[in-house]
Amino acid sequence: MKRCAFLSMDSLEDFFSYDQMLFEPLKTVGWLAEEVSWRKPDVDWNNYDAVVIRTTWDYQDDVEGFMACLQRIEASSAQLQNSLKIVEWNISKSYLKDLQNQGINIVPTLWFDSFSLSEIQAGFDYFDSPQLVIKPLISANADHTYRLTPESLVQQADDLKAIFASREFMLQPFLNGIVDEGEYSLFYFAGHYSHSILKQPESGDFRVQEEHGGRLSSIQPCEDMLTTARHSLAALPEDVLYARIDLVRHKKEFVVIEIELIEPSLYFNMDADSPQRFVDAFIEML
């Protein structure tokens, strides 16, 4: 049998992961899959026919080490999915600028490479918004993402300055649609549509991840969502094995919050046929 490594982390104890739902359908088509931590030393990646980046949800703590691991995989005989080129493009949220330049509507954003309290404060007027969201350009699982009012910004200024002193970051208006309606995720495997979900935050929170209490439900996307997703896929630098396109409603249209191409949860638990669709796409891509 051919061998596939699902790139993961040392421990998934505090996370929700559904990738093992792929192991049996992969085995039926001649692939033996196992999870391997990207931090594990001295792995001979030549022992694998393919490596799929999956639950590497701590890479933001050591981006240099993570990229070095991917470079070793790329230099081996194993095929890396998604590719190193895509990871290099997607790992910083500055890729959203590329999408915007290609006519894709994104959440309105200001970009910063240093922290200035007065410039952040000016964001409230710039966006005409009573609340802002600040987050690093490189992050996962909503790490170091904060919802701010003018008062809380002043109260947390010292902590925020320390957190973002050496991090490029982005500033956006807080969109009430995330709380009132939720965030939509559309999943594509090898360019083919698979399924969609609605993620809604726990009461009093704005983070939609399960680890933060977010609620999930399956949905049928409307044509506007599908059109935005198709345009987003067409704007990518190359074809990908998997893509999760996250949308939110803003001023009566759907805009892109993020396109996740490195380690998104693909929520195979939310659609019974999605594991087989992924496996079919995997075979097609390889």
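These notebook entries record what I looked up in the structure.

**Entry 1. Basis**

I worked from a predicted model.

I began with the open sheet of four strands, whose order is 2-1-3-4 and whose pairing is parallel. I noted strand 2 (31-37) and strand 4 as its edge strands, since each pairs on one side only. From one strand to the next, the twist averages 25°.

I then looked at how strand 3 meets strand 4. The two run parallel and are joined by three bridges. Within this pairing I located valine 51, which stands opposite leucine 80 in strand 4. Helix 2 packs on this sheet and touches strand 1, strand 3 and strand 4. I recorded an angle of about 170° between the direction of helix 2 and that of strand 1.

**Entry 2. Helix 2**

I next examined helix 2 by itself. It covers residues 63-75, which makes 13 residues. From its first C-alpha to its last it reaches 18 Å, close to the 18 Å expected at 1.5 Å a residue.

I asked which residues of helix 2 are buried. They are Phe66, Met67, Cys69, Leu70 and Ile73. These residues lie on the same side of helix 2, because they cover an arc of only 155° around the axis. On the other side of the helix I found Glu64 and Ala75 exposed.

I also asked what the buried residues of helix 2 pack against. Their partners are strand 1 (2-8), strand 3 (50-53), strand 4 (79-81) and helix 3 (84-90).

I moved to an open sheet formed by five strands in the order 11-10-9-12-13, with antiparallel pairing. Strand 11 (215-218) and strand 13 are its edge strands, each pairing on one side only. Here the twist averages 30° from one strand to the next.

I followed the pairing of strand 9 (residues 183-189) with strand 10 (residues 192-200), which is antiparallel and extends over seven bridges. In this pair, tyrosine 184 has leucine 198 of strand 10 as its bridge partner. Helix 9 (residues 223-234) packs on the sheet, where it touches strand 9, strand 10, strand 12 (242-250) and strand 13. I noted that the direction of helix 9 makes about 55° with that of strand 9.

**Entry 3. Helix 10**

I looked up where helix 10 (residues 274-285) lies. It lies across strand 1, strand 2, strand 3 and strand 4, and runs at about 130° to strand 3. Helix 10 also lies across strand 9, strand 10 and strand 12, where it runs at about 135° to strand 10.

**Entry 4. Salt bridges**

I found that the structure holds twelve salt bridges. I looked at several of them in turn.

In one, the side chains of aspartate 58 and arginine 39 meet at 2.9 Å, N to O. Aspartate 58 is in the loop between strand 3 and helix 2, and arginine 39 is in the loop between strand 2 and strand 3, so the pair ties together parts that are 19 residues apart in sequence. Is aspartate 58 buried or exposed? I found it buried, because its relative accessibility is 11% and the cut-off is under 20%. Arginine 39 counts as partly exposed, at 32% relative accessibility.

In another, glutamate 258 pairs with lysine 93, and the closest N and O atoms are 4.0 Å apart. Glutamate 258 belongs to strand 13 (residues 253-260), and lysine 93 to the loop between helix 3 and helix 4 (95-101), so this pair ties together parts that are 165 residues apart in sequence. I noted glutamate 258 as buried at 14% relative accessibility, and lysine 93 as buried at 5%.

I also recorded the salt bridge in which the side chains of arginine 230 and glutamate 223 meet at 2.8 Å, N to O. Arginine 230 is partly exposed at 42% relative accessibility, and glutamate 223 is partly exposed with a relative accessible area of 46%.

Technical notes. Residues are numbered from 1 along each chain as its sequence is written. This is a predicted model: local features need pLDDT of at least 70, side-chain atom pairs count only at pLDDT 80 or more; totals for chains, interfaces and linings use all residues. Side-chain values use heavy atoms; hydrogens and water are left out. The expected span of a helix is 1.5 Å times one less than its number of residues. Buried means under 20% relative accessible area, exposed over 50%, partly exposed in between (1.4 Å probe, protein chains only). The arc is that of the directions from the helix axis to the C-beta atoms. Contact means heavy atoms within 4.5 Å. Two strands pair if DSSP finds at least two bridges between them. Axes are lines fitted to C-alpha atoms, for helices over the stretch in contact, and angles run from 0 to 180 degrees between N-to-C directions.
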